[in-house]
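Please keep the sequence and the 3D view at hand while reading.

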Amino acid sequence: MAITIVNSVLAGSSDGDLVTTASDDMSAADFLVTGISFGINGSGTSPVTDSEANSYSALTESNGSNWGCRIDHKVDPVVSATHTFTVDCTESRVDPSVCGAGFSGVLQVSPFDKQNGAASGGPITSLSTNSITPAEDGELIIAILVPDRTVTSVSINSGLTIIESITETADHR
């Protein structure tokens, strides 16, 4: 079965601490993934929750000098036609944004295979990570990019597609 995107939704915090997306129809999704970005203000974590009380598996954070990002996922989730995603930052994480996406056709048994990342301490024009080759059919490759404030446009290559993007403000990255 081919992997298809069901829907995606994105939101940035308006108060620097809490962000909840608008509702979107994820009812055909059998796999949910979130990408969160945040400013770092100490150690800790900011879990993802959703309107259907799913428990997400969090992958390893990729952190720069004052920002970070993380991908979380849920296999065989409870979904709805009015699905929302929320990140409530702790004292150690600030200025969150969250993108939630639903997919169908993703491998349901042990879908997480590999992870790699890269971070920079300042403005750059390009950034490379190691390649990822899925071990099985039905695996989904996800990327999250949190550019420096001075970056006015982003692009991605290697057969990936940008499904959501947000402009940074004082309250979210």
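**Briefing: salt bridges and strands**

Arginine 70 is buried, with a relative accessible area of 3%; here buried means under 20% relative accessible area, exposed means over 50%, and partly exposed lies in between (1.4 Å probe, protein chains only). The model is predicted: local features need pLDDT of at least 70, side-chain atom pairs count only at pLDDT 80 or more, and totals for chains, interfaces and linings use all residues. Residues are numbered from 1 along each chain as its sequence is written, and side-chain values use heavy atoms, with hydrogens and water left out.

**Salt bridges**

- Side chains of opposite charge can pair when their charged atoms come close.
- The structure contains three salt bridges, a salt bridge being a side-chain nitrogen of Lys or Arg within 4 Å of a carboxyl oxygen of Asp or Glu.
- Arginine 70 meets glutamate 61 in a salt bridge, at 3.5 Å from N to O. Glutamate 61 has 21% relative accessibility and counts as partly exposed.
- Arginine 70 also forms a salt bridge with aspartate 72, with the closest N and O atoms 2.6 Å apart. Aspartate 72 is buried, at a relative accessible area of 2%.
- The side chains of lysine 114 and aspartate 113 form a salt bridge as well, at 3.0 Å from N to O. Lysine 114 is partly exposed, with a relative accessible area of 39%, and aspartate 113 is partly exposed, with a relative accessible area of 30%.
- Through shared partners, salt bridges join Glu61, Arg70 and Asp72 into one network.

- Helices (H or I, at least four residues) and strands (E, at least two) are DSSP runs, numbered from the N terminus. Two strands pair if DSSP finds at least two bridges between them.
- An open sheet is formed by three strands in the order 2-8-4, with antiparallel pairing. Strand 2 (18–20) and strand 4 (48–50) are the edge strands, each pairing on one side only.
- On average, neighbouring strands of this sheet are turned by 20° against each other, direction ignored. For such angles, axes are lines fitted to C-alpha atoms, for helices over the stretch in contact, and angles run from 0 to 180 degrees between N-to-C directions.
- Strand 2 is joined by three bridges to strand 8 (residues 85–88), and the two run antiparallel. Threonine 20 has threonine 86 in strand 8 as its bridge partner.

**Strand 3 and its partners**

- Nine of the ten residues of strand 3 are buried, so this strand is largely enclosed by the rest of the structure.
- Strand 3 is joined to strand 7 (residues 67–75) by nine bridges, and the two run antiparallel. Threonine 34 has aspartate 72 in strand 7 as its bridge partner.
- Nine bridges also join strand 3 to strand 9 (residues 93–104), again in an antiparallel arrangement. The bridge partner of isoleucine 40 in strand 9 is arginine 93.

**Alanine 29**

- Alanine 29 lies in the loop between strand 2 and strand 3 (31–40). Alanine 29 is buried, with a relative accessible area of 8%.
- Not counting residues up to four places away in sequence, alanine 29 touches Val6, Pro77, Val79, Gly102 and Phe103; contact means heavy atoms within 4.5 Å.
- Alanine 29 and glycine 102 are 73 residues apart along the chain, and their C-alpha atoms are separated by 5.0 Å.
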